[in-house]
Amino acid sequence: MSELLRLDATATALIAHDVATVSDAEMDAPTPCAGWTVADLISHMNERHEAVVASVLPPLADHADNPRDDFARTAARWVVAMEQTGEVVNLPHRGPLATDEVLSVHVVDMLAHRWDLSRALARPCAVPDRLTALALPIARSITAPGSTLNGPGGVYRPPVEPDRPLPALDTIAALLGRDPHWVSRRDGGH
């Protein structure tokens, strides 16, 4: 297993743990992703993972009624698929892309979605420094002017300019178009 895949697997395991602890009552909580609930966020991650995994592994024959209950299996399938894919991943709607590039963006996505989930549920979100050290320059690169991943037609909304220096994970969220000051209604936010 490459070091990049090991770090990606770590980021994926962190969010898989968080998803597993979401209660049924928390599934309807709003997230920093406009219009999305926690259930929508988890469904999005499951769908995106399986779309990529399907280019390497056979599709799942069954699904749980609740997206939370599918997440651990889907996350594990992601890691297995990335171990088996070789140098290139065939992405749906994008075509072939270097596996290292896919893993790099995926680390950023998993940290950002973990931030989304922790903000939605008013939970702490500790992340190992080695993950943020890897993810921050990647987030800056994939959201830089001219990147096909941000802005109109891209995967991410334009970066939010912070009004003050932020911790690394909040900076990553802002780079990916999230309001770094968003707080859950559970914390009295919007």
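Author: The model is a predicted one.

Reader: What makes α1 roughly antiparallel to α3?

Author: The axes of α1 (residues 3-20) and α3 (residues 67-84) cross at roughly 175° and come within 9 Å. An angle over 145 degrees counts as roughly antiparallel, and α1 is therefore roughly antiparallel to α3. From α1, the contact is made by Leu 5, Asp 8, Ala 9, Thr 12, Ile 15, Ala 16, Val 19 and Ala 20. From α3, Arg 68, Phe 71, Ala 75, Trp 78, Val 79, Met 82 and Glu 83 take part. By class, the residues of this contact are 11 nonpolar, 1 polar and 3 charged.

Reader: Why is Thr 12 called buried?

Author: Thr 12 has a relative accessible area of 2%. Buried means under 20%, so Thr 12 is buried. This residue lies in α1.

Reader: Which residues does Thr 12 touch, not counting residues up to four places away in sequence?

Author: With that exclusion, Thr 12 touches Ala 75, Trp 78, His 106 and Met 110. Ala 75 and Trp 78 belong to the α3 side of the contact with α1, while His 106 and Met 110 are in α4.

Reader: How do you know that α2 is roughly antiparallel to α4?

Author: The axes of α2 (residues 38-53) and α4 cross at roughly 165° and come within 10 Å. With over 145 degrees as the cut-off, α2 is therefore roughly antiparallel to α4. The crossing of α2 past α4 is left-handed. Val 38, Leu 41, His 44, Met 45 and His 49 in α2 meet His 106, Met 110, His 113, Asp 116, Leu 117 and Ala 120 in α4. The contact of α2 with α4 comprises 6 nonpolar, 4 polar and 1 charged residues.

Reader: Why are α5 and α6 described as roughly parallel to each other?

Author: The axes of α5 (residues 129-142) and α6 (residues 168-175) cross at roughly 25°, and they come within 9 Å. Angles under 35 degrees count as roughly parallel, so the two helices α5 and α6 are roughly parallel to each other. α5 passes α6 in a left-handed crossing. On the α5 side, Thr 132, Ala 135, Leu 136, Ala 139 and Arg 140 meet Ala 168, Leu 169, Thr 171, Ile 172 and Leu 175 of α6. These residues of the contact of α5 with α6 divide into 7 nonpolar, 2 polar and 1 charged.

Reader: What makes Val 108 buried?

Author: Val 108, a residue of α4, has 0% relative accessibility. The limit for buried is under 20%, and Val 108 therefore counts as buried. Leaving out residues up to four places away in sequence, Val 108 touches Ala 135, Ile 138, Ala 139, Ile 142, Ile 172 and Leu 176. Among them, Ala 135 and Ala 139 also meet α6 from α5, and Ile 172 takes part in that contact from α6. Val 108 and Ile 142 are 34 residues apart in sequence, and their C-alpha atoms are 9.6 Å apart.

Reader: Why is Ala 122 called partly exposed?

Author: The relative accessible area of Ala 122 is 33%. Buried is under 20% and exposed over 50%, with partly exposed in between, so Ala 122 is partly exposed. Ala 122 lies in the loop between α4 (99-120) and α5. Its phi is positive, about 55°, although Ala 122 is not a glycine.

Reader: And what makes His 93 exposed?

Author: His 93 has 88% relative accessibility. Exposed means over 50%, and His 93 therefore counts as exposed. His 93 is found in the loop between β1 and β2. His 93 is not a glycine, yet has a positive phi of about 70°.

Reader: How do you know that β1 and β2 pair?

Author: Two strands pair if there are at least two bridges between them. Here 4 bridges join β1 to β2 (residues 95-98), and the strands run antiparallel. The hairpin has 3 residues between the strands.

Key
Residues numbered from 1 in each chain as written. Predicted model: local features only at pLDDT ≥ 70, side-chain atom pairs only at ≥ 80, totals over all residues. Heavy atoms only, no water. Axes fitted to C-alpha atoms, helices over the stretch in contact; angles between N-to-C directions. Parallel < 35°, antiparallel > 145°, perpendicular 65-115°, else oblique. Left-handed = near helix turned anticlockwise from the far one by under 90°. Contact = heavy atoms within 4.5 Å. Nonpolar A, V, L, I, M, F, W, Y, C, P; charged D, E, K, R; others polar. Buried < 20%, exposed > 50% of the residue type's maximum accessible area, 1.4 Å probe, protein only.
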